[in-house]
Amino acid sequence: MFHPRLAVSAFSASLLLAAAGLGATSSMASAQDVIRFGAPLPITGPLAPEAVKQQQGYDLWAEQANKAGGIDVGGKKYKVEIVYSDYQSNTPRSVQTTEQMITQDKVNFMFGPFGSGAAKAASTIAEKYKVPMLAATASSSQVYDQNYKYLFGTFTPNDTLTTPLTQLVKAKAADVKKVAILARNDLFPLAIAQEMEKSAKANGLEVVYFEKYAINTLDHSATLSQIKSLNPQWVFVTGYTNDLLLIRKQMVDQQMKANVVTMIAGPAYQEFIESAGQSAENISSASWWHPAEQYNGKDIFGTTANFVKLFKDKYKLEPDYAHASAAVCGALFQMAIEKAGSLDRDKVRDELAKMDVVTFWGPVKFGANGQINSLEPPVFQIQAGKPVVLFPDAIKQGDFKLGVN
Amino acid sequence: MLAIQVLINALVLGCLYACIAIGFSLVWGVLNVINLIHGSFIVLGAYLAWGAYNSLGLSPWYALLIAAPAFFVFGYLLQRLLLNRVITAPVLVTLTLTFGLDLILNNAMIYYFKADYRKLILNPPTGSISIFDVVVPVDRLIATASALALTFLLYLLLRRSKVGRAIVAVRLDRDAAVLMGVDVKSIYAIAFGLGAALAGCAGVLMALIFPISPLTSSAYLGKAFVVCVLGGLGSVSGALAGGILLALVEGVGSVYLGPAHAVTLSFVLLIIFLVVRPQGLLGRKGFE
């Protein structure tokens with residue numbers, strides 16, 4: 001027996017869901033004294049956890065800016081409004097969403113979508129409409145090699161993470177000769193792994209294993225058995241929290257030991273440290289920012305410590321680099337707009353281009369291609385359940401410890 | 001030595017895959033419903049184990065005793081109240097309905113548990129045993145043993161009990177079963193309940209091994225689907241055969257072709273089976 005009523009109601013329910021999704025993007029503010037920022041995010045789909053982080057960063061900045069009365073544009077205060085839209089972890093849709101935000105939602109300025117791939121795709125639209133776009137989570141240099149005028153990003157290129165790490169290992173662990181590299185077959189994790197391969201070879205290390213694993217791999221036991229049989233002293237793995245938790249657990253299961261185990265990007269996240277427990281000990285990593293940094297910024301958040309405190313008060317969790325980068329993008333827009341004294345997109349763009357300022361995120365200066373070139377990303381290691389900064393020396397908190405069991 | 005280690009890894013992993021797939025195979029085989037909510041049931045079972053351990057201090061072995069009846073009731077009601085209404089409609093309708101239910105359950109889990117990845121860490125850890133350099137993690141061994149036990153229990157139930165025979169009868173010939181006085185709607189509900197209970201138990205066991213997040217449900221569902229096609233529907237041992245075959249192909253593939261191609265290889269195998277042997281390794285009509 002077929003029940004057409006059920007089918008119809010299921011269909012109309014899905015229509016409703018779709019409408020609700022659209023509704024979120026088109027909540028028009030009628031007030032004049034509002035600056036609208038468009039933020040396309042992968043709110044649903046596999047990248048959803050990343051969207052949450054960026055959203056929390058933007059929201060914290062908007063809340064702080066509005067609490068202080070808003071953004072000062074030539075003596076008049078404007079409230080901040082962030083327009084969110086879900087592109088469902090689907091890169092082509094992030095492009096459509098960006099265009100829709102600029103043409104229909106009439107946003108003044110844009111934040112980039114998550115990651116390098118989507119940011120590169122969406123930046124084309126921002127460039128076409130001459131809307132300044134700040135990308136909070138795009139690191140690959142291929143995003144910026146188009147030499148767009150309106151795109152700026154707060155992540156340094158990937159090799160700025162792997163080079164200091166390799167030099168540190170080289171200096172502290174002379175008997176590390178063989179490296180095994182395992183990478184998630186995905187834009188950012190693979191790019192980092194390729195940079196690692198280059199850094200390792202440049203520093204005279206032998207790369208005994210370099211392989212990619214597929215997204216959604218449920219089991220790594222065969223791969224890890226093979227790596228174990230090659231006896232590397234340094235195991236370098238890239239991926240996201242899920243992959244790295246699983247791989248770390250399976251390394252323990254297989255009784256794999258190495259002098260150095262590096263994982264990017266998991267250990268930068270508190271959830272990795274909590275979920276990995278004892279097995280996170282002595283895992284090293286690198287990221288673009290760390291809550292232990294101590295910058296005295298000129299932005300709305302001021303010091304790094306103040307940003308961390310505000311964030312913890314609001315969300316009851318430790319911020320990581322993704323949260324911080326999103327928040328600093330907001331703060332940078334605010335500084336550029338206040339300096340320009342106008343909402344004119346070209347004037348704000350020019351202010352961003354010549355920006356040279358210290359923020360809670362670190363020193364901010366963009367290169368000619370729009371990518372930040374002033375930042376020195378920290379290398380850190382999990383020691384006694386806490387991340388400890390090892391590099392740069394100015395903010396160093398402890399010494400590199402060898403041996404991961 | 002590497003070859004033996006890879007083989008042992010694959011055998012253990014194969015039993016885990018069977019554990020993931022067995023409930024899915026039962027529902028597909030008996031009800032002819034491709035139950036897309038299966039992956040989310042497994043994740044929900046994993047959260048149950050995680051919550052019971054972290055807030056009540058209950059070990060996952062006890063969580064199994066809660067999960068089995070709770071998921072049975074949940075599955076039974078779902079079939080009774082919703083799926084039974086469309087069970088005789090073309091397969092696309094039940095597929096759409098379970099798809100919709102999966103969206104609801106999965107998003108509800110994202111809402112309540114967040115999309116963060118969690119891990120059930122036993123204290124003290126169970127560790128691994130090693131014999132002549134071949135290492136086997138104890139938690140995987142336990143999960144494997146439990147998976148085999150659950151499979152055997154299901155086999156006994158279908159073979160020996162009155163309800164079990166009725167389930168097999170409905171699968172073989174629905175109309176004849178009705179004539180023999182079998183209450184088909186209630187048998188459907190019991191079979192779906194059993195499938196849900198098996199998924200819930202699988203989830204409890206997987207919580208020991210894999211990170212827990214609502215986002216992993218599709219990975220479980222994908223494995224269950226491949227295992228069923230490889231092993232064949234309609235037999236308890238089919239899930240086991242399919243699971244081990246899949247794990248072997250993935251393991252050998254990732255050592256000799258690289259891990260990026262292991263998944264590709266398993267799907268190539270899936271296509272070959274669909275073309276050459278659509279009934280799977282041990283598939284048959286009915287459920288024995």
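Leu274(B) is placed in helix H11 of chain B, which spans residues 259-276; helices are DSSP runs of H or I with at least four residues, and strands are runs of E with at least two, numbered from the N terminus. The model is a predicted one, in which local features need pLDDT of at least 70, side-chain atom pairs count only at pLDDT 80 or more, and totals for chains, interfaces and linings use all residues. Residues are numbered from 1 along each chain as its sequence is written, and side-chain values use heavy atoms, without hydrogens and water.

Leu274(B) is partly exposed, because its relative accessible area is 46%, where buried means under 20%, exposed over 50% and partly exposed in between (1.4 Å probe, protein chains only). Together with residues including Val268(B) and Ile272(B), Leu274(B) forms a nonpolar patch on the surface, with about 580 Å² of accessible area. Such patches consist of residues with over 30% relative accessible area and no salt bridge, the nonpolar side chains being joined within 5 Å; a salt bridge places a side-chain nitrogen of Lys or Arg within 4 Å of a carboxyl oxygen of Asp or Glu.

Phe192(B) touches, among others, Leu31(B), Phe41(B) and Leu83(B), not counting residues up to four places away in sequence; contact means heavy atoms within 4.5 Å.

In chain A, strands S14 (residues 379-383) and S15 (residues 386-391) pair in the antiparallel sense over 5 bridges, pairing requiring at least two DSSP bridges.

Conventions. Chains are lettered from A and ligands numbered from 1 in the order in which they are written. Patches are made of residues with over 30% relative accessible area and no salt bridge: like charges are joined within 9 Å, nonpolar side chains (Val, Leu, Ile, Met, Phe, Trp, Tyr) within 5 Å. Accessible areas come from the Shrake-Rupley method with a 1.4 Å probe; for residues, only the protein chains shown count as cover.
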